[in-house]
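Below is a short briefing on one protein chain. It covers a helix and its surroundings, then the aromatic contacts, then totals.

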Amino acid sequence: STVVTTAAAEAGDESVALAENGVSGHRIVIPVAATSVESLAAERLAYYIAEITGATLPIESSAEFDGSGPAIFVGLSQPALDRLGGDPRTDLAPQEHVARSLGEDVFLYGVGAHGAYHAAMDFAEVSLGKRWYTPREAPVLPSTPTVVLEPFDRVGGFDFAHRRVQFFSDLRFYYEHGANMGVTPRAEQIGIEDLGYESEIDDTLNLPHSFDGLVPANGLPHYAVDWNWIPRSDYFATNPEWFTLNEQGVRVSNRQLCLSNDALRAELTQNVLGSVASRGDRCVVSVSANDTPNRFCHCGPCTELMDQYQSPGRPLYDYLIELCEELETSKPDVRVATLAYRRDQTQVPPTLPAGETLPSNLVIDFAPIEDNYFADWSHPDPEIQETYAHLQAWGEIVAPGNLWAWIYPNPWGTGISMPVGNVER
């Protein structure tokens with residue numbers, strides 16, 4: 001059978017005979033100094049073409065390309081620019097990407113670190129018929145040894161500049177669907193060292209529950225084993241007063257931090273600054289409670305903060321305001337992210353003095369874990385209405401652009417596969 005795609009207005013007027021009976025005259029051309037993203041895009045595209053058509057396309061750098069015959073240009077090498085007559089990206093918005101034909105050539109490029117990859121995946125899906133439905137299964141590919149493409153010119157983009165999905169199974173699944181914002185920390189699992197990020201501010205987040213990594217009680221957690229900027233990993237042995245005072249009046253190491261303790265705050269700030277130094281001065285750093293239930297601390301000063309600001313999470317927010325004020329001066333391109341998570345911890349927004357808002361460098365990632373994930377905000381359930389009221393109240397005190405949403409698509413069961421039923425929420 002033959003795959004034929006429809007034309008867009010500004011494409012060339014020639015069809016692209018990509019393969020005939022499992023043979024192709026095309027090759028894939030990448031820039032001489034191709035980025036790791038461009039190289040990966042070329043490799044994945046060559047794999048899909050081979051699986052779909054049976055044709056093996058060589059991957060050449062533009063220095064190897066002799067200029068003869070048709071090519072698929074991944075990224076804008078000099079031969080690609082020559083054939084296009086200049087750099088076509090000037091009219092593209094951030095993260096937009098293009099898959100287009102001109103004569104028998106195919107051009108795949110875009111704006112940002114991942115533009116060529118997104119364009120290559122658009123070509124594989126729209127032009128070649130590749131589908132990938134869940135991360136636990138292999139891509140579904142047609143068998144089409146003859147592929148003739150009508151002229152095409154497609155521009156793609158994203159509604160959300162930041163896209164981060166919790167990973168299960170094959171990380172490439174999420175990256176190929178444009179949900180790339182958390183790939184770099186685990187990039188070695190997909191065979192490249194650094195995919196970079198494509199947002200105005202480098203979104204190198206720690207994992208969201210970061211207290212254990214920033215002030216480890218009894219050893220670094222698994223996700224922080226290479227955090228060599230943490231001075232030590234046995235804080236509970238020397239400073240038990242820095243940790244939760246439980247209901248029985250005993251300091252325990254398996255809950256949270258005692259955020260009213262000034263010495264703990266000073267150490268936490270130094271470790272946050274170490275995290276920033278390891279990532280660069282344009283980053284988002286997570287300072288967020290551990291994923292354990294119950295209130296932060298029962299000591300007197302922490303309790304006073306909770307009562308004063310009518311929020312169980314006020315000890316944390318009180319510290320974060322102090323931290324953000326310091327970073328505003330010393331690291332103006334850094335943002336701090338924290339989870340609004342659990343009613344007895346941080347979901348309830350603090351009551352601020354009239355007219356005051358949270359610092360402009362503080363991100364609130366609203367994560368209502370305790371409700372029915374499959375109901376929207378119009379549902380009459382009183383807990384859902386309470387959570388909706390919390391979300392609206394956060395909107396009144398968080399700087400524009402800094403209220404993020406953590407959407408739970410039933411992540412502990414079959415719902416980890418996307419798309420999911422509660423996307424409307």
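Just after helix H3, glycine 129 takes a positive phi of about 85°; helices (H or I, at least four residues) and strands (E, at least two) are DSSP runs, numbered from the N terminus. The model is predicted: local features need pLDDT of at least 70, side-chain atom pairs count only at pLDDT 80 or more, and totals for chains, interfaces and linings use all residues. Residues are numbered from 1 along each chain as its sequence is written, and side-chain values use heavy atoms, with hydrogens and water left out.

**Helix H3**
- H3 covers residues 115-127 and is mostly covered, with 11 of its 13 residues buried (under 20% relative accessible area, exposed being over 50% and partly exposed in between; 1.4 Å probe, protein chains only).
- The buried residues include Tyr117, His118, Met121 and Phe123.

**Aromatic contacts**
- The whole structure holds 11 aromatic pairs (rings of Phe, Tyr and Trp, its six-membered ring, with centres within 6.5 Å; planes under 30 degrees apart are stacked, over 60 edge-to-face, the rest tilted).
- Tryptophan 132 and phenylalanine 173 pair edge-to-face, at 5.5 Å centre to centre and 85° between the planes.
- This pair links distant parts of the chain, 41 residues apart: tryptophan 132 lies in the loop between H3 and strand E8 (146-149), phenylalanine 173 in helix H4 (residues 171-176).
- Tryptophan 132 counts as buried because its relative accessibility is 6%; phenylalanine 173 does so at 3%.
- Phe65, Phe73 and Phe107 form one aromatic cluster.

**Whole chain**
- The chain has 11 helices and 13 strands.
- Of its 425 residues, 53% count as buried.

Key
The expected span of a helix is 1.5 Å times one less than its number of residues.
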